[in-house]
Amino acid sequence: MTFQDLYPGQRVRILSWDELSSIKCHDGIDGIYLPDHTFFNEEMKYLCGATLTIVSEPYYFNSEKSYLSQDIFQSDDPLLSPAFSHWFLSPAMLAPLNESSPVIPPAISFDQLLAGGELPQ
């Protein structure tokens, strides 16, 4: 994700360790450096897969790094809430949750389509 993809009310999840490893720039001591120049610490592994809601307008914690301010998130798991005051997240560490299932229209034939969806008699 990018910063522009984030908005209040959106639900996101923290990527799994495997997903983070697949997008890494390189490994660091005790963690992974991501393409946006942020670092996902190995000690943060317990956060992988956690779901969050963005509760306020996203903004960066520090203009020099791409870490988001911690107060924009609310954890869906109250037991993890204290962790988000300790660790920093970046948009690269997040994936949007697809909250609505896609609606797949019923299959209709070309003849039905030409007849306005009516079944031919």
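Contact here means heavy atoms within 4.5 Å. This is a predicted model, in which local features need pLDDT of at least 70 and side-chain atom pairs count only at pLDDT 80 or more, while totals for chains, interfaces and linings use all residues. Residues are numbered from 1 along each chain as its sequence is written, and side-chain values use heavy atoms, with hydrogens and water left out.

**View 1. Phenylalanine 73 and its partners.** Setting aside neighbours within four places in sequence, phenylalanine 73 is in contact with Leu52, Thr53, Ile54, Val55, Leu68, Leu89 and Leu94.

**View 2. The largest nonpolar core.** A nonpolar core is a set of buried (under 20% relative accessible area, 1.4 Å probe, protein chains only) Ala, Val, Leu, Ile, Met, Phe, Trp, Tyr and Cys residues joined through side-chain atoms within 4.5 Å. The largest one has 28 residues, of which Ile14, Leu20, Leu47, Leu52, Phe73, Leu89 and Leu94 touch the most other members. Two or more residues come from each of strand S1 (11-14), helix H1 (17-23), S4, S5 and strand S7 (94-96). Helices (H or I, at least four residues) and strands (E, at least two) are DSSP runs, numbered from the N terminus.

**View 3. Serine 66 in its loop.** Look for serine 66 between strand S5 (51-54) and strand S6 (73-75). Beyond four places in sequence, serine 66 touches Asp36, Thr38, Tyr60, Leu89, Ser90 and Pro91. The C-alpha atoms of serine 66 and aspartate 36 are separated by 6.7 Å, although these residues are 30 apart along the chain.

**View 4. Histidine 37, with a positive phi.** Histidine 37 sits in the loop between S3 and strand S4 (39-41), and its phi is near 70°, a positive value in a residue other than glycine. Histidine 37 counts as exposed (over 50%) because its relative accessibility is 62%.
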